[in-house]
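The sequence and structure are shown first.

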Amino acid sequence: MSTAIGPDAAAVPSVDDVPESQPIAWRHRHLLDVDRLSTDELDLIMRTTDAMREVLARPIAKVPALRGRAVTILFYEASTRTRVSFEVAAKNLSADVVNIAASTSSVVKGESLIDTVRTVEALGAQMLVMRHSSSGAPYLAADIFSGSVLNGGDGWHAHPTQALLDLYTMRERMPGGSLAGRKVVILGDLLHSRVARSNIWTLTAAGADLWLCGPATLVRGFEAWANRGAAGRRFHLTTSVDEALRDADVVMALRIQRERMAGGLLPSMREYAARYGLTRERLALARPDALVMHPGPMNEGVEIAPDVAAGPQSVITDQVTNGVAVRMAVLYLLAGTRVPS
């Protein structure tokens, strides 16, 4: 049985319509980061997300695409947006969903990550959505899990679905749906940001004129990447807010991650807000129609002023809404994988 989920069913491969003997556009078994995705694959995710947006607009936002699939959401860190949106996405696709918080599982008794992954697989999990405080943990899980692993954020390393929903939100608002030549600024705590690291790959692939800005202590390690242009991913790095924001088309403020902050990186939150906080006055340097974004959760009054976060240029709530559609899209595509990555 084939399930048409969007206005143009041909734009999205159906897991039931594709014969086993024919190649399909999506060939990855896991989604661990966006650095392995080609431009065509990014475009496929965007088109699939369009179809999922159409599903979400229906009176009953549910399709049977993942009926019978068991999705386990395993989070070792606290989360609202990512965890809930993955759960909503999986349920909208009719999957059977199990939520596990490490703080209420056998992890607190000393169970290892490997044992936990083997346990949830033995209990029937076919797709595993995972967040972990240690960079690389989802890669370890992918080595031993026979199904698909989706990285919901690992340490400072990557947050692929956040980068995808950010890309989708920007493209949705840009004339012609293109970021080519558009100045996109990521402002704030770059050092600890898995969001920024994944966004570098997607935004440069989309042709954006990418600028990263923050205090010198919070941009360490990015200088060599910016100068090297690894894999063609060139971007600008500056500690000057004025230089970064001038004529920007998009400004994304990053949360100051106090829980990861080592002593001495910042004099105080007050000084950071005074020098780098995204205020209405600073936003005036950008284009009049510049988008304001934030991956959340926000420290209002620190990295972003409340009147900017809730202002007319803000698309922060759109990011949250689009997160459901993007995660529906990647779950759907992974469910149709024929060839392991």
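On a 1 Å grid over the protein atoms alone, a cavity is a set of points where a 1.4 Å probe fits but cannot get out, whereas a pocket is an open set with protein on both sides within 12 Å along at least five of seven lines; lining residues have an atom within 4 Å of a point. Grid points are joined across faces, edges and corners, and the volume is the space filled by probe spheres set on the points.

The model is predicted: local features need pLDDT of at least 70, side-chain atom pairs count only at pLDDT 80 or more, and totals for chains, interfaces and linings use all residues. Residues are numbered from 1 along each chain as its sequence is written, and side-chain values use heavy atoms, with hydrogens and water left out.

**Overall content**

The protein has 12 helices and nine strands; these are DSSP runs (helices H or I, at least four residues; strands E, at least two), numbered from the N terminus. Of its 341 residues, 55% are buried, where buried means under 20% relative accessible area, exposed over 50% and partly exposed in between (1.4 Å probe, protein chains only). Among contacts with a separation of 6 or more, 77% join residues 24 or more positions apart; a contact means heavy atoms within 4.5 Å.

**Cavity and pocket**

The structure contains two cavities of 30 Å³ or more, and the largest cavity holds about 80 Å³ of space. Its lining includes Arg81, Gln162, His294 and Arg327. H12 (316-335) provides the largest share of that lining, five residues. H2 and H5 (160-173) also supply at least two residues each.

The largest pocket has about 400 Å³ of space. Of its 21 lining residues, Arg131, Arg194, Arg255, Gly296 and Pro297 are the closest to its centre. Helices H2 (81-92) and H6 (194-205) are the elements that give two or more residues to this lining.

The table sets out both linings by class; Ala, Val, Leu, Ile, Met, Phe, Trp, Tyr, Cys and Pro count as nonpolar, Asp, Glu, Lys and Arg as charged, and the others, Gly among them, as polar.

| Space | Lining residues by class |
|---|---|
| Largest pocket | five nonpolar residues, eight polar residues, eight charged residues |
| Largest cavity | four nonpolar residues, five polar residues, two charged residues |

**Individual residues**

The peptide bond from Gly296 to Pro297 is cis, with omega near -10°. Pro297 lies in the loop between strand E9 (291-293) and helix H11 (306-309).

Ser94 is not a glycine, yet has a positive phi of about 70°. Ser94 occupies the loop between H2 and strand E2 (96-101) and counts as buried because its relative accessibility is 15%. Asp247, also a residue other than glycine, has a positive phi near 65°. This residue is in the loop between helix H8 (241-245) and strand E8 (250-253), and its 43% relative accessibility makes Asp247 partly exposed.

Thr49 belongs to helix H1 (residues 39-56) and is buried, at 0% relative accessibility. Not counting residues up to four places away in sequence, Thr49 touches Tyr168, Ala325, Val326 and Ala329.
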